[in-house]
Amino acid sequence: AKSCGKNNAKLYSSSLTMQIMSHVQLEVGLRKALQNDELYLLYQPQIAVASTRIVGVEALVRWRHPERGIISPTEFIPLAEETGLIVPIGEWVLRTACRQAMDWQVLGQRPLRVAVNLSAKQFKDENLTQIVLSALHDTGLPAHLLELELTEGTLMDDARATMVTLEQLRGIGVYLSIDDFGTGYSSMNYLKRFNVRALKIDKSFISGLPQDSENAAITRAIIAMAHGLKLAVVAEGVETGEQLVLLEEYGCDLAQGYHLGRPSPPEIIAQMLGDGAAA
Ligand code: C2E
Ligand code: CA
Ligand code: CA
Ligand code: CA
C-alpha cells in the first residue's frame, strides 16, 4: 500500500508538472498570438424577437494555435486576464469588431450594432475611455453602434470607480449592457444607478425552458424588472424554436443562440444581412 501511494504521488506530480508546463507554454504562445495574427473573431447574431430581424452581433474571440488547433476563449481569456495580456488583446478585439461593423454597414445598408465583451481588468484600465474613443475614431463607427458587455462582478467591484468609468463611457455614447445577468451578485439598487441600456439573461436560465418552471419564473421576473427600469432584455443561449416562442410571449426584446445563428465568420453575417432575415 505504501509503494502504491508513492507511485500515485509520482504520477500526480508528473501530471502536475505537465499541467504547469502546458500552462507556461500557453502563456508564451499567447504573448505571440497577437503579433502572429493567430487571433480572430466570430460574430453571433442578435435577433429582435418580434420581427426576427438581425439587429446586432456579439464578437467572440478565437485562437488558432499553430500546434494545438483552435482554442476556446474559456481556456485562454482567464490566462490573458492573469497575465495582463487581456489589455492589448481586448484592444485588438475592440478595433477589429468596430472595423467589421463598418464593413457590414456598407454592405448591408442598415446599421448593425456590435457587442464586445469587456473583462474586469480592461474596465479598470485607466486608458479604457481613450482606447474606446480612438477605436471609434479610427474606424468611423458611430458610438451608438458599439455595445460593451460588462459582468455583474466587474460592476460591483468598486462602486465609486465604476460610476466614474461608466459615466465616461456613457458620455462617449456607447451602448452598455450587463452580461450573464442573474449569475453574479446583482444588486437591484446598483442596477438603478448604473446607466446601462440592456440586460443579457444568462443562458443557464434559458436552457431549461420551457419545462423548467423555476427558470421560467426567473426569466419572466428579469424581463418585467428590466422593462420597469426601461432596460432592454437579451436572452442568451436560445437553442430551440419553443424557447423563442416562449420568450416572445414574455415580451423579451432580443435573442441570441444556436437556434438563431452560431458564432460565424463575417461573410456569413453579411449573407444574413443580405437575406434580410436570420435563421
Ligand atoms: P459569453 O460572453 O457569455 O458568450 C456567450 C457564449 O455562449 C459563447 O461562448 C457562445 O459561443 C456561447 N453560445 C452562444 N449561443 C449558445 C447556445 O445556444 N447554447 C450554448 N450552450 N452556448 C451558446 P464562447 O464563444 O466559447 O465564449 C465564452 C466566453 O469567453 C464568453 O462568454 C466571454 O465571457 C468570453 N469571451 C469571448 N470572447 C471574448 C473577448 O473578446 N473578450 C473577453 N474579455 N471575453 C471574451
Ligand atoms: Ca458576452
Ligand atoms: Ca453571456
Ligand atoms: Ca459567460
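Ala, Val, Leu, Ile, Met, Phe, Trp, Tyr, Cys and Pro are counted here as nonpolar, Asp, Glu, Lys and Arg as charged, and the others, Gly among them, as polar. By that scheme, the shell around ligand 1 holds nine nonpolar, seven polar and seven charged residues. The structure is a predicted model.

**Shell around ligand 1**
- Ligand 1 is surrounded by 23 residues, and the closest are Gln44, Arg62, Asn117, Glu239 and Tyr258.
- At least two shell residues come from each of strand S2 (54–65), helix H2 (73–83), helix H3 (86–108) and strand S6 (175–181).
- S2 provides four residues, the largest share of the shell.

- The side chain of Gln44 places an N or O atom 3.0 Å from a nitrogen atom of ligand 1.
- In the side chain of Asp179, an N or O atom is 3.1 Å from an oxygen atom of ligand 1.
- Tyr258 contributes through its backbone, with an N or O atom 2.8 Å from an oxygen atom of ligand 1.
- The protein buries 83% of the 800 Å² that ligand 1 exposes when taken alone.

**Calcium ions**
- The calcium ion (ligand 4) and the calcium ion (ligand 2) are 5.9 Å apart.

Terms used
Residues numbered from 1 in each chain as written. Chains lettered and ligands numbered in written order. Predicted model: local features only at pLDDT ≥ 70, side-chain atom pairs only at ≥ 80, totals over all residues. Heavy atoms only, no water. Near = heavy atom within 4 Å. Polar contact = N/O pair within 3.5 Å; in protein donor to acceptor, adjacent residues only side chain to side chain. Areas by Shrake-Rupley, 256 points an atom, 1.4 Å probe, with all protein chains shown as cover. Donors = N, O, S within 2.8 Å, 3.2 Å for Na, K, Ca; no water.
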